[in-house]
Amino acid sequence: MTAAPARTGTAIGMAGLTVRFSTRRSQTTALDDVSLDIEPGEFVTIVGPSGCGKSTLLKIVAGLVRPTSGEVSLLERPVRGPQKEIGFVFQKAALLEWRGARANILLQAEMRGMDRTKAARRADELIEMTGLTGFEKALPHELSGGMQQRVALCRALLHAPPVLLMDEPFGALDALTREQMNAELHRIWRETGTTVVLVTHSIAEAVFLGTRVVVMSARPGRIIRTFPVELPAHRDYAQVMSDPRFDRLATDLRGLLGSAAANH
Amino acid sequence: MTENALHTAGRQAAATATGTPAGSASTSGAGTSTVVGPPPGTGGRPPRPTLGRRAVAVADSLWRPALVLAALFAAWWFVAAQEYVPNYLVPTPGQVWTTMTEQWSELARHTLVTLYETVLGFVLAAALGLAAAVAIAYSRTLDKALYPIVLFAQVIPKIAIAPLLVVWFGLGLTPKVILAVLIAFFPVVISGVAGLRSTDPELLDLAATMGAGPWRTFRKIRFPNALPHLMAGLKVAVTLAVVGAVVGEFVGASEGLGYVLLLANGNLDAPLLFADLILMSAIGIVLFVLVEIAEALLIPWHASRRAGVSLTTS
Ligand SMILES: Nc1ncnc2c1ncn2[C@@H]1O[C@H](COP(=O)(O)OP(=O)(O)OP(=O)(O)O)[C@@H](O)[C@H]1O
Ligand SMILES: [Mg+2]
């Protein structure tokens, strides 16, 4: 990858992760023996049918869900409780409805006790970058779903975390804004060397952004295959879309996902 | 006062007040230079309703209840003036007014006494209730130990405790305040617990990934999130606190509106009875309105208040 500071070993290590949820009525195996090592600076995208445990996987890495069995490590340390060296973008925007967009972004700084002026400056940069200018004071209910997600994205980026976990961050965006956000995220990743794990339902997004695409099976979620993405590290959206390698990989993924869903 | 009517009117007013053209947001894309306008209806912040609009909305929300009140007042006047019911049972508004003005200094003193008991009781109930709610919401043990007792204690008719309180604490301020606290405590606890528990678990997860401790999480997320519930509970509590204070005075007192009510009752002084009742209601209404104002200031963002014009905020 680019501009690598001393990076050795794995950023995220998962070994034999199994998760069973028992509720009063039923028992669900959400994940079954998932192992995956992610190197620093990698951009791993995860695709899979709905309900296969993608969100659960991210939450395990963040230390928010405890696996039934298996081991997780983050930045070479075993995960025992909630991790704070991460930026997490939840599937729902999860904004505080009494705070304006900017104040919601700055929550990150307040909770971490970051330097105020620095955080404010960075928040303004992120707001500009994500096209939220003019909506700094707008409350979440005054924002569209896509704008809410952009606020959540800014919040996750504010403290420049070494690891970014994103759960369908662009699900509520229109196609055009989504492309722009993809390009923007790609640029951020290239410039910062952040390790990113991104869950998505969009094959195009998975291929454009990922250095590796992980395909999961329907419940109980297993990793069926991982594809390395043989595209240059520096990507341009239009170019990638017309690249034959993109087409081939997208077709493979579509085929695999179709059979994964059908197998269920 | 009819709270619902006020809120509905507020919403209608808000609907007409919003809907200005949205500012367009240009996204800085890599390579692409498209300008994406935000979806309609989400542009910026809706402008604050102007003073004139607010006044119209308030007037609109008030004329119906005012009309009903006026009709009732007219009926009272008519019945009393025609002496369909003898005046020693139902006095005319004029008689009540005369009593009110003639005995004003006395009545004002008693009103202040009752007001003081009520406010003291309410503030204590709010503080204790919130503390109990936090304890119950945060501690599983206290939840299991305390919550059932709080619920069960509600079964005891607290008014029946009043004589006991007088035996224990005498005729002074204490038994009235205690009674007011006992009655007003319950809605605060219940609403506080409900509010604190209603926090979206995802938000708590978020706080955890930010490395925030329990105090920061409480201050920045759980408490503000609980405020709408809590304010609803406080509104109930404040009216109940009046009841507590007055009942305390019934049982044994030498001053206060409850005491005056008993006196007037003994003397068959209907005008004084009516004047006293009006003052009691006034205390309740004024305190309720104050809590409403506090609510409007504290949670302007909440759905029940959004751009809402209520009687009290204008
Ligand atoms: N807290 C929980 N308690 C019980 N079951 C749960 C819990 N969380 C998730 N599950 C179950 O685990 C499975 C995986 O859920 P998860 O949210 O990880 O799926 P997902 O892959 O993110 O789906 P989607 O693409 O629709 O977001 C689902 O069947 C869900 O019902
Ligand atoms: Mg999910």
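The model is a predicted one, in which local features need pLDDT of at least 70 and side-chain atom pairs count only at pLDDT 80 or more, while totals for chains, interfaces and linings use all residues. Residues are numbered from 1 along each chain as its sequence is written, chains are lettered from A and ligands numbered from 1 in the order in which they are written, and side-chain values use heavy atoms, with hydrogens and water left out.

Two further residues reach oxygen atoms of the ligand. For A:Cys52, a polar backbone atom is 3.2 Å from an oxygen atom of ligand 1; for A:Lys54, a polar side-chain atom is 2.7 Å from one. The protein covers 66% of the 630 Å² of accessible area that ligand 1 has on its own (Shrake-Rupley method, 1.4 Å probe).

Who else stands around the ligand? The shell holds 15 residues, with A:Ser50, A:Lys54, A:Ser55, A:Thr56 and A:Arg219 the closest; a residue is near if one of its heavy atoms lies within 4 Å. Three of the shell residues are nonpolar, nine polar and three charged (Ala, Val, Leu, Ile, Met, Phe, Trp, Tyr, Cys and Pro count as nonpolar, Asp, Glu, Lys and Arg as charged, and the others, Gly among them, as polar). Helices (H or I, at least four residues) and strands (E, at least two) are DSSP runs, numbered from the N terminus.

Two backbone details in chain A are worth a look. A:Asp33, in strand 2 of chain A, has a positive phi of about 50° although it is not a glycine. A:Arg219 is joined to A:Pro220 by a cis peptide bond, with omega about -5°, and A:Pro220 sits in the loop between strand 9 (212-216) and strand 10 (223-228) of chain A.

In chain B, helix 3 (residues 93-102) packs against helix 11 (residues 270-298) at an angle of about 75°, with the axes 8 Å apart. Helix 3 of chain B is therefore roughly perpendicular to helix 11 of chain B (65 to 115 degrees). Axes are lines fitted to C-alpha atoms, for helices over the stretch in contact, and angles run from 0 to 180 degrees between N-to-C directions. By class, this contact has eight nonpolar, two polar and no charged residues.

Notes
A polar contact is a pair of N or O atoms within 3.5 Å; within protein, one must be able to donate a hydrogen and the other to accept it, and residues adjacent in sequence count only if both atoms are side-chain atoms. Angles under 35 degrees count as roughly parallel, over 145 as roughly antiparallel, 65 to 115 as roughly perpendicular and the rest as oblique.
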